[in-house]
Amino acid sequence: SSSPPPQNPSLTPMSGLYRLLPALALATTFALAARFLYQRYSIHATKVGEEQEDDEEEMSTIDGVKICSPGAWPPRFATEPERLVTIATWNTLRRHYAFRGHSWVPSKHRDWKHRQDALHKEMSKFSADFLCLQEAELRDLDKDFVEPLSTSGYKHVTADPKGGHDHTKPVIFYNSSRFELLWCKPKSRAVVAHFKEITSDNSLIIASCHLQGGQQAPTRYTQGRSILKAIDHRMRSLDPGSPRARSASSSRSPGRKRGKRDSSSRDDSSSNNEESSQAIGHVSRPKESETTPPRPACIICGDFNAYRDDPSIRLFKAGRFSKKDWIIDDGEPPRRIDFSAPMVGGLADAYSVMDLKGEEGTRPYTFQWGAMMTENKVHRMIIDYILHTPPPPPPSPSSPPLDSKGASSSAKSFKAKRSRQQDVLHNRSGLKLRALRTPLGPRRRKEMARNGVGIPNAWHPSDHFPLAAVFEFAAPKQRRLH
C-alpha cells in the first residue's frame, strides 16, 4: 500500500494563527499606547479645566432678552438698578448624598468640602437679590450656607422642618440690605415668602420648591396646588374684597350634611390662621382718594422634578386646572383636581424664550445623570424652572372705576362682577424678563461633550445646573378711586 504524502508544515491549521500573532501583538501595542495617551490627555485636560475659569463672554439677544454666559454675567442695563431684581435657583445636591451608582464621579469630587467651596464660588458670581436653594440640609444649614452667605448680607427663610423628612429642604436667601421680609409660609416641599423693597413699594412673593420626583405626577400636582393656594391666600389678605381661590375642596359634596367640613377645608382654615400668625408686615386697605395698591408679583422657582407637560407645570402656567385637563398619560388623577387661583393667574416660563419655535433647541438642560463612554447612559433633562408673573395687560377702557370699598357702582350687575375680575388682572404687578444666565459657557460645554465627563466634577459640585434671571418691576397703571 502507498503511504500518504508528507504534509507541508506551512499548511497546517495552526500556521495561519501563528502568522497573525505578530500583527495582533502590534495592534495590541498600538491600542494600549493610544489608551495611555488618551488618559494622559484627559488628565491634562481635566487639570486645565480645573485651573481655567469659564470666563469667556458669550451674549446674544432673543426677543429683547439678553442671554448671557457665566462669563458675561451679570449683564449691564441703562435701567435704574432699583427697577431690576435678580433671582437664582439651584439644587445644590445635599451634603450627605450617597452617590450610589455614580461611577463617573471620583471620590475627591464627592467630598463635601470640595463641593461646598465650589458651590460658594459659583454662587458669588450670581449677584442675586434672591438665592433659592433646594436640598439644603437644615441640620447643617448654618455652617454650610448661612454663615458664608451672611457675610454678603443675606438672611434666609426655610421650608417646614416638621413636614416629611427634615434633612433636605428648600431655602430662600435674600439681600437684607435691599429687601425686608413681610410674611412667610413654610411648607413641606416649599417655602413661600413675601418681600418688599425697603426704598420703594415694589414687592414680590417668592416660592422656592422641590417637588416630588419619579412617576408621581398626582403628588406633584397636589404640591403645586398647595403652593398656589398659599400665594392666593396671601394676595387676598392684602385685598379682602378680591375673588377667592376655588377648588373642589371648598365646595360641599352632594352627600355631605350641612355644617360639616372635610379635612381639606379645615386645613384651609388653619392655613389662614397660620398665615395670619406668621404675617410680619401688614398692608392696610386704601382709603378714599388713594390709588389701589398693586398686588405683588410672583415667582415660583426650583427643582420641579417635572417635564414641561407635567400637570404641575401646566397648573402653574394656567393658574387653574380642571378634570378635562388631566390626560391619561398623567397617571392616576388625584381625588381633587378642579382648582383656580384667580389672584395669582397664569405664570410665564422665563427660559421658554430660548426654545426654538416651541421646541427644545437652544434651551439648556438643567440636570444630567451619567457620562459618555461609561457604563451609565447619559440622561439630560429640563426639570428646573423660574416661573414668574408676566407684565400686566393695559387697563380695559370698558371697566368702570371702583369705589373706596373695592366694588363698582353697579355691583349687583354681571357687568360689575366681570369688571372686578378684570381688575384683578389689571391691578397686578408684573415682571418683565430682561436677562437669562446660561449654566455653561463655551469652554465648559466643550468639556461636558468629552467622554467620561459628567457632574458633579472638579468644577461643578451638583447634579443640577443653576438658573438665574434678571427682571424689571412692571407696575400696572394706577386707577383713582372715587
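**Close-up 1. Trp104 is buried, at 8% relative accessibility.** The model is predicted. Its protein chain has 13 aromatic pairs. One of them joins Trp104 and Trp369: the ring centres are 5.0 Å apart and the planes stand at 80°, so the pair is edge-to-face. Trp104 sits in the loop between β3 (84-91) and α2 (107-110). Trp369 belongs to strand β15 (residues 367-369). Trp369 counts as partly exposed, at 25% relative accessibility.

**Close-up 2. Phe321 and Trp326 form an edge-to-face pair.** Their ring centres lie 6.2 Å apart, with the planes at 80°. Both residues are buried.

**Close-up 3. Ring pairs join four residues into a cluster.** The members are Phe130, Tyr174, Phe179 and Phe195.

**Close-up 4. Lys66 lies over the face of Phe77.** The distance to the ring centre is 4.5 Å.

**Close-up 5. Glu122 makes a polar contact with Arg437.** Side chain meets side chain here, at 2.8 Å. Glu122 is part of helix α3 (residues 112-123). Its relative accessible area is 16%, under the 20% cut-off, so Glu122 counts as buried. Beyond its neighbours within four places in sequence, Glu122 is in contact with Trp90 and Arg437.

**Overview. The protein chain holds nine helices and 19 strands.** It has 482 residues, and 48% of them count as buried. Among contacts with a separation of 6 or more, 71% are between residues 24 or more positions apart. The accessible surface is about 24,800 Å², with 53% belonging to carbon and sulfur atoms.

Key. Residues are numbered from 1 along each chain as its sequence is written. This is a predicted model: local features need pLDDT of at least 70, side-chain atom pairs count only at pLDDT 80 or more; totals for chains, interfaces and linings use all residues. Side-chain values use heavy atoms; hydrogens and water are left out. Helices (H or I, at least four residues) and strands (E, at least two) are DSSP runs, numbered from the N terminus. Buried means under 20% relative accessible area, exposed over 50%, partly exposed in between (1.4 Å probe, protein chains only). Contact means heavy atoms within 4.5 Å. Accessible areas come from the Shrake-Rupley method with a 1.4 Å probe; for residues, only the protein chains shown count as cover. A polar contact is a pair of N or O atoms within 3.5 Å; within protein, one must be able to donate a hydrogen and the other to accept it, and residues adjacent in sequence count only if both atoms are side-chain atoms. Rings of Phe, Tyr and Trp (its six-membered ring) pair if their centres lie within 6.5 Å; planes under 30 degrees apart count as stacked, over 60 as edge-to-face and the rest as tilted. A charge sits over a ring if NZ of Lys or CZ of Arg is within 6 Å of the ring centre and within 35 degrees of the ring normal.
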